[in-house]
Amino acid sequence: MIRLLHRIFPHPHLTFLLTIVWILLANKPSLNSVVFGLILGIIIPFITQPYWPDRPKLRNWPMVVEYILVVLWDIVIANITVARIILFKRDADRQPNWVCIPLELRTPEAITVLAGTITMTPGTVSCDLSAQGHNLLVHCLDAPDPGAVRDQIKHRYERRLKEIFE
Amino acid sequence: MGFIFEFLIAFFLVISGIFGLVGSYGMIKLKDPMSRLHAPTKATTLGVGGVLLASICHSVLIEHHLSLHELLITLFLFLTAPITALFIAKWHIHRHEKPEDLPDAGEDELWATHAVEQVEDVPDHSKT
C-alpha cells in the first residue's frame, strides 16, 4: 500500500507545492482549481522523477519556518543599512571587499539556497564557488571587517541550513 | 476605519518608492561595477515587496476579497533575481578579475570561473 502511494506520489512535497502554486495562480480557491492543481501536482513529479535521483530530505520543518522569518527580517534590516550607506557615506569612505566563506554544507541544494539568500540580502552578493565547491566568494558593499561578515553568514544562515538539509 | 486602511496602504507604497529610488540612486553614485550590482538587489527586495504588501492590503481591506497572486511574484523574484546577479558577477570575474586579485580559494586553489578558463577549448574573448 505504502509502495503504491510512493509510486503515485514520488515527491509529496512537490505535489503539495504545485497544487498550492496553481491555486494561487487561479487566484480563487474553487474546487475547479484544486482538482486541476492536484492533477498537475501528480503528473509533473511523476514525469520529472528521473531528474532528481538523490534529492535531499528536509529534516527540520520548524527550522525551515525559522529560517524564512530570519531571512525576511534580515532583508528589512539590511535594506535600511544599505540605504544609509548609499545616501550618507562618501564613496571614498566605503570599503567594498571580497569575502571568502569556507562552506561546511555539501548538499548542492543547500549551497544554492545559501547563495540565493546572500544575494537577496542587500549589501552582499554571492559571486562564485571555488572549483570543487568548498568555498563561496561573496562581494560586500561595505565591509571594513570581512571576518565579521563571514562569521555572521556562517552563524545566521549556514548553521540553520545545515540543520535543515544535513 | 477606511482612513487607517488607506494610510497603511499609502505607507507601504511610499516605503517601496523610497527604497526603489535609493536603489536607482545607488546605481549612479557607486562607482565600481561590483558595488553597482548591490543596488538592483535592493530594489527587488523591499522595493517590490512594499508594492506587493500594499496590493495585498488593498484587495483584502478595501475590495474585501483575498488575493495572493502577490506571494507568487515574491516567490518567482526570489528564485530568479539571485541567478541574474550571479551571471553578472561571474561575467565581471571572467573579464576583469585575475585569480590573484580575489581572496584565496582555500584547498580548491581557484574560483570556478577561473578554473574553467584553464580548459583549452574555451576561446579567449578577453582581447576583443
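Four residues of α2(A) are buried: Thr15(A), Leu18(A), Thr19(A) and Leu24(A). They pack against α3 (31-48) of chain A together with α4 (69-96) of chain B. The model is a predicted one.

**Helix α2 of chain A**
- α2(A) has 15 residues.
- From first C-alpha to last, α2(A) reaches 21 Å, close to the 21 Å expected at 1.5 Å a residue.
- Just after α2(A) comes Asn27(A), with a positive phi of about 65 degrees.
- The buried residues of α2(A) face partners in two chains: α3 (31-48) in chain A and α4 (69-96) in chain B.

**Contact between chains A and B**
- Chain A gives 35 residues to the contact, and chain B gives 42 residues.
- On the side of chain A that touches chain B, six elements each supply at least two residues: α2 (12-26), α4 (61-88), β1 (97-102), α5 (108-120), β2 (124-129) and β3 (135-140).
- α4(A) provides the largest share of that side, with seven residues.
- By class, the side of chain A that touches chain B holds 22 nonpolar residues, 11 polar ones and two charged ones.

**Strands β2 and β3 of chain A**
- β2(A) is mostly covered, as six of its six residues are buried.
- β2(A) and β3(A) run antiparallel, and five bridges join them.
- Within this pairing, Asp128(A) stands opposite Leu137(A) of β3(A).
- The hairpin of β2(A) and β3(A) has five residues between the strands.
- Gly133(A), in that hairpin, takes a positive phi near 80 degrees.
- Both strands also belong to the contact: β2 (124-129) and β3 (135-140) each supply at least two residues of the side of chain A that touches chain B.

**Chain B**
- Chain B has five helices and zero strands.
- Along the sequence, the pattern of chain B reads α-α-α-α-α.
- Chain B has 128 residues, of which 24% count as buried.
- Among contacts in chain B with a separation of 6 or more, 55% come from residues 24 or more positions apart.

Terms used. Residues numbered from 1 in each chain as written. Chains lettered and ligands numbered in written order. Predicted model: local features only at pLDDT ≥ 70, side-chain atom pairs only at ≥ 80, totals over all residues. Contact = placed C-beta atoms within 7 Å. Nonpolar A, V, L, I, M, F, W, Y, C, P; charged D, E, K, R; others polar. Buried ≥ 20, exposed ≤ 12 C-beta atoms within 10 Å, placed from the backbone. Expected span 1.5 Å × (residues − 1). Pairing = 2+ DSSP bridges.
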